[in-house]
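Please find below a colleague's note on the model under review. The sequence and structure are shown first.

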Amino acid sequence: GCARDWDGLTCWPRATFGEVVKIPCPQFFEEFTSFLQRNCTQEEHWSEPFPPYTVACGFDEGSSKGPEDQKSYYSAFWRVYTAGYAASVTSLITALIVFAAFRKFHCTRNYIHMHLFVSFILRAIAVFTKDAVLFADETMDHCLMSTVACKAAVAFFQFSILANFFWLLIEGIYLQTLLLLTFVSNKKFVWWFIFTGWGAPTAVMFTWVLTRIHQQNTGCWDDDESGVVLWIIKGPILLTVLINFIIFINVIRILVHKLKSQEGGGSHSSHFVRLAKSTLLLIPLFGVHYIVFAFFPESTGLEARLYIELGLGSFQGFVVALLYCFSNAEVQTELKKQLCKWQYQEYLTFTHKQGTLSRETSPVNYVTQLSLLDKISPKRRTSLFQDGVTTV
């Protein structure tokens with residue numbers, strides 16, 4: 001028969017002699033749901049796809065949406081989300097150092113923020129790792145590639161996404177309880193949050209890996225999933241997104257109520273501004289933008305999905321670090337105090353060195369040092385006495 005074949009756009013599965021294989025157009029031709037066919041010929045070679053890609057998948061020779069243009073488009077998009085994840089990693093690591101360095105910031109709220117920062121960092125690292133392992137070599141045959149390294153990269157990628165969504169959920173749950181109750185500052189709740197935030201994704205990933213090995217151990221585990229394998233990952237993610245969206249709506253409702261009770265008959269415009277600011281702050285923290293495509297099939301609005309989930313999502317870590325660390329008034333005050341302390345210490349060190357140098361180079365100080373040397377050095381006194389006797 002005919003072996004698996006990668007034609008640069010699609011992976012064609014193994015086929016027996018005379019078999020006709022039928023597959024849908026690649027996902028990046030999102031406007032079309034047509035099918036392509038290839039025949040395993042008598043010479044055990046694949047025939048050309050029919051109808052051709054230019055017909056079945058909706059582009060012609062002069063179209064601006066041909067495969068090369070699509071490739072160029074995705075290459076440019078790769079640069080955008082790579083820059084986004086790089087900015088996120090840099091800002092999140094800096095924010096982690098700030099929260100860890102100052103004891104003043106060691107509290108339940110910031111502990112949860114720090115774990116969320118770590119989940120964003122892992123997600124960015126997982127994206128870089130997956131790109132390096134799976135897509136670094138453009139001549140790679142994606143049909144035949146099925147190594148432990150590429151499967152591990154995809155598994156790590158899936159785990160980082162799960163962990164990120166679970167920690168977004170924990171941020172929502174914590175804020176919800178903070179607005180309703182007052183006992184959540186106890187540190188024992190942090191351990192429950194940590195157990196849920198890292199334990200649940202680990203359990204889901206363990207189940208997914210075992211299911212993949214026994215039911216769909218094909219390629220690098222990055223191909224289209226079906227049935228149980230698909231929902232092992234997608235189910236928990238959809239659940240966290242849905243719960244977080246409900247919490248987001250409820251938190252906004254509580255904020256509206258609190259703002260109204262605080263302002264009484266105050267200005268409606270100031271109330272609206274404060275509410276809008278609070279809402280904008282909560283959107284990246286809760287990951288509310290993921291609700292847009294959460295319950296649609298993967299092939300729906302692929303280009304818009306790329307912009308939202310990869311383009312905007314890659315900068316989400318940067319925005320979270322900016323809003324909840326660098327723009328925080330407490331953090332800014334503490335950093336200014338530390339900067340002033342460092343400057344004062346530098347000034348004291350400088351003045352001390354200057355004073356020492358001025359004393360060492362002073363003529364008066366030199367004469368004083370000689371007189372002290374005469375007093376404290378018996379050898380010098382003895383030698384002077386001997387010189388005096390010899391002279392006489």
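Predicted model: local features only at pLDDT ≥ 70, side-chain atom pairs only at ≥ 80, totals over all residues.

1. Helix α4 covers residues 148-180, which makes 33 residues. The distance from its first C-alpha to its last is 48 Å, close to the 48 Å expected at 1.5 Å a residue. Of the 33 residues of α4, 24 are buried, so the helix is largely enclosed by the rest of the structure.

2. Helix α9 (residues 316-326) has Gln316, Gly317, Val320, Ala321, Tyr324 and Cys325 as buried residues. These buried residues line one face of the helix, because they fall within an arc of 130 degrees when seen down the axis of α9. In general, an α-helix has 3.6 residues a turn, so residues three or four places apart point the same way.

3. A nonpolar patch on the surface is formed by Val80, Phe315, Phe318, Val319 and Leu322, whose accessible area together is about 350 Å². Helix α9 gives the most to this patch, with three residues. Phe318 lies in α9 and counts as partly exposed, because its relative accessibility is 32%, between the cut-offs of 20% and 50%.

4. Strand β3 (residues 20-24) has Val21 and Ile23 on its covered face, whereas Val20, Lys22 and Pro24 make up the uncovered one. In a regular strand the side chains alternate between the two faces of the sheet.

5. Strands β3 and β4 (residues 35-39) run antiparallel and are joined by five bridges. Asn39 in β4 is the bridge partner of Val20, a residue of the uncovered face of β3.

Technical notes: Residues numbered from 1 in each chain as written. Heavy atoms only, no water. Buried < 20%, exposed > 50% of the residue type's maximum accessible area, 1.4 Å probe, protein only. Helix = DSSP H or I, 4+ residues; strand = E, 2+ residues; numbered from the N terminus. Pairing = 2+ DSSP bridges. Patch = residues over 30% accessible without salt bridge, like charges linked within 9 Å, V, L, I, M, F, W, Y side chains within 5 Å. Areas by Shrake-Rupley, 256 points an atom, 1.4 Å probe, with all protein chains shown as cover. Salt bridge = Lys/Arg side-chain N within 4 Å of Asp/Glu carboxyl O. Arc of directions from axis to C-beta. Expected span 1.5 Å × (residues − 1).
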